[in-house]
Amino acid sequence: MTMINTPARPRPAAVTAEGLTKSYGDKAVLDGIDLHIPQGTVFALLGPNGAGKTTTVQILSTLIPASAGRVRVAGHDLVREAGAVRAAIGVTGQFSAVDNLLDARENLLLMADLHHLDRREGRRRASELLARFELTEAAARPVATFSGGMRRKLDLAMTLVGRPRLIFLDEPTTGLDPRSRRTMWEIIRGLVADDGVTVFLTTQYLEEADQLADRIALLDHGTLVAEGTADELKRQIPGGHLRLRLPGPPELAAAAALFPSAARDDDALTLDIPGDGGIPALRAVLDTLDRASVRAEALTVHTPGLDEVFLTLTGRSPQAGATVDSSRENAR
Ligand SMILES: Nc1ncnc2c1ncn2[C@@H]1O[C@H](COP(=O)(O)OP(=O)(O)OP(=O)(O)O)[C@@H](O)[C@H]1O
Ligand SMILES: [Mg+2]
């Protein structure tokens, strides 16, 4: 028998898109976006209201047609093999698809019917998912009585009935309280780690993308303004700093003289010294202040977050969508 050495193959792609475009009339909602998502990874599409997140999910899941672009999903051409794409994916939309008049188990059994599971297999799958999502006790309650978090979990459970290899989650945690959000994060992590599925999620929460995603793309007005791991995106912007707050203008002037590379803010009486939050950096700053007998009121460590990535790349904060006052930015 001959042994053949094959080089390690890169993971096959779950989604690839080139020049994906969507227009309504002469308004381009998606302006030629490119995507490459390897199987078994979590991809987060991050963007403010109206950026085009839901539109992207709807196109990739065959719900609406693209205006232009070449797209492959789960190994199939999105247009020519739409049926095969649909068979491989699951979609949890931005707005709940559960039937309020049915109870939780009935909703799951309905999905099992849609996926042509036989009755016994359908019941087994429903019970398994109710247990996994900790909804067993509420299984016989009408969904109308569910909280937002329970409803969101049931929504995702329904998506999983057909065992999709690729799941689209459009804002899975919007409107959930911090605890329910964490539960949902655990569930999503489990899907990837235990079942090896690929997750494409959209979110307006930077922390969520940071927590869950292997790769993050920032969508703004239908254009991808940045793409990378959370760390790569953080590296694209000015690094962290240590912020000193001084008691008054004389102290600020004295401190500024000690740290020539720092940025001072005369209104806020602060001095931003480039550096990380490690103990040696902190000690060096405090020692320098001590030696010169300059008293500071506070020292805080500032690590760049994805918020700043967004701000730097688009000039707007993702939540507010407001334009940054550039005169103030320049003054820093
Ligand atoms: N059927 C349509 N006709 C015209 N414009 C549309 C249509 N559907 C969506 N749009 C526009 O496309 C843009 C993107 O909408 P989309 O729903 O994809 O945004 P989103 O990123 O999902 O926002 P949100 O965070 O609010 O859910 C918006 O300006 C929206 O008004
Ligand atoms: Mg949306």
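Colleague: What share of the contacts in the protein with a separation of 6 or more comes from residues 24 or more positions apart?

Modeller: In this predicted model, such residues account for 68% of the contacts with a separation of 6 or more. A pair counts here when its C-beta atoms lie within 7 Å.

Colleague: Which elements does the protein have, and what box do its C-alpha atoms fill?

Modeller: The protein has twelve helices and 14 strands. Its C-alpha atoms fill a box of roughly 80 × 60 × 45 Å along the principal axes. Of the 332 residues, 35% are buried.

Colleague: How is the protein divided into domains?

Modeller: Domain 1 covers residues 13-234 and domain 2 covers 237-331. Their C-alpha centres are 39 Å apart.

Colleague: How do you know that domain 1 and domain 2 are in contact?

Modeller: The test is C-beta atoms within 7 Å. By that test, 13 residues of domain 1 are in contact with twelve residues of domain 2. On the domain 1 side, the elements giving two or more residues are α7 (206-212), β9 (215-220), β10 (223-228) and α8 (230-235). Eight residues of that side are nonpolar, two are polar and three are charged.

Colleague: What makes helix α1 largely enclosed?

Modeller: Six of the eight residues of α1 (residues 53-60) are buried, so the helix is largely enclosed by the rest of the structure. The buried ones are K53, T55, T56, V57, I59 and L60. Just after α1, T62 has a positive phi of about 70°.

Colleague: Which residues surround ligand 1, and which element gives the most to that shell?

Modeller: The shell consists of Y24, V29, G47, N49, G50, A51, G52, K53, T54, T55, Q94 and Q204. Helix α1 gives the most, with three residues. By kind, the shell has three nonpolar residues, eight polar and one charged.

Colleague: Why is A74 called buried?

Modeller: The cut-off is 20 or more other C-beta atoms within 10 Å. A74 has 22 such neighbours, so it counts as buried. A74 belongs to the loop between β4 (68-73) and β5 (76-77). Its phi is positive, about 50°, although A74 is not a glycine.

Colleague: And S293, buried or exposed?

Modeller: S293 has 7, so it is exposed. S293 is in the loop between α10 (279-291) and β14 (298-302). Its phi is near 55°, again a positive value in a residue other than glycine.

Colleague: What makes β2 and β5 the edges of their sheet?

Modeller: The open sheet has four strands in the order β2-β1-β4-β5, with antiparallel pairing. β2 (27-38) and β5 each have a single partner strand, so one side of each is left without a neighbour in the sheet.

Colleague: How do you know that β1 pairs with β4?

Modeller: At least two bridges are needed for a pair. Five bridges join β1 (residues 13-24) to β4, and the two run antiparallel. A17, for one, stands opposite V71 in β4.

Colleague: Why is strand β7 described as mostly covered?

Modeller: Five of the five residues of β7 (residues 166-170) are buried. On one side these are L166, F168 and D170, and on the other I167 and L169, so both faces are covered under the cut-off of 20 or more C-beta atoms within 10 Å.

Colleague: Which strands are joined to β7?

Modeller: Four bridges join β6 (residues 89-92) to β7, and five join β7 to β8 (residues 198-203). Both pairings are parallel. T92 stands opposite L169 in β7, while the bridge partner of I167 in β8 is V199.

Colleague: How many residues are in the largest nonpolar core, and which have the most contacts inside it?

Modeller: This core has 50 residues, with the most contacts made by A44, L46, V73, V199, F200 and I216. Strand β3 (residues 42-46) gives the largest share, five residues. Another core lies apart from it, with 18 residues, among them A104, A126, F133 and M158.

Colleague: Leaving aside neighbours within four places in sequence, which residues is F200 in contact with?

Modeller: F200 is then in contact with V15, I37, F43, L60, L166 and F168.

Key. Residues numbered from 1 in each chain as written. Chains lettered and ligands numbered in written order. Predicted model: local features only at pLDDT ≥ 70, side-chain atom pairs only at ≥ 80, totals over all residues. Domains from an automatic or database assignment. Contact = placed C-beta atoms within 7 Å. Nonpolar A, V, L, I, M, F, W, Y, C, P; charged D, E, K, R; others polar. Buried ≥ 20, exposed ≤ 12 C-beta atoms within 10 Å, placed from the backbone. Near = placed C-beta within 6 Å. Core = buried A, V, L, I, M, F, W, Y, C linked by C-beta atoms within 7 Å.
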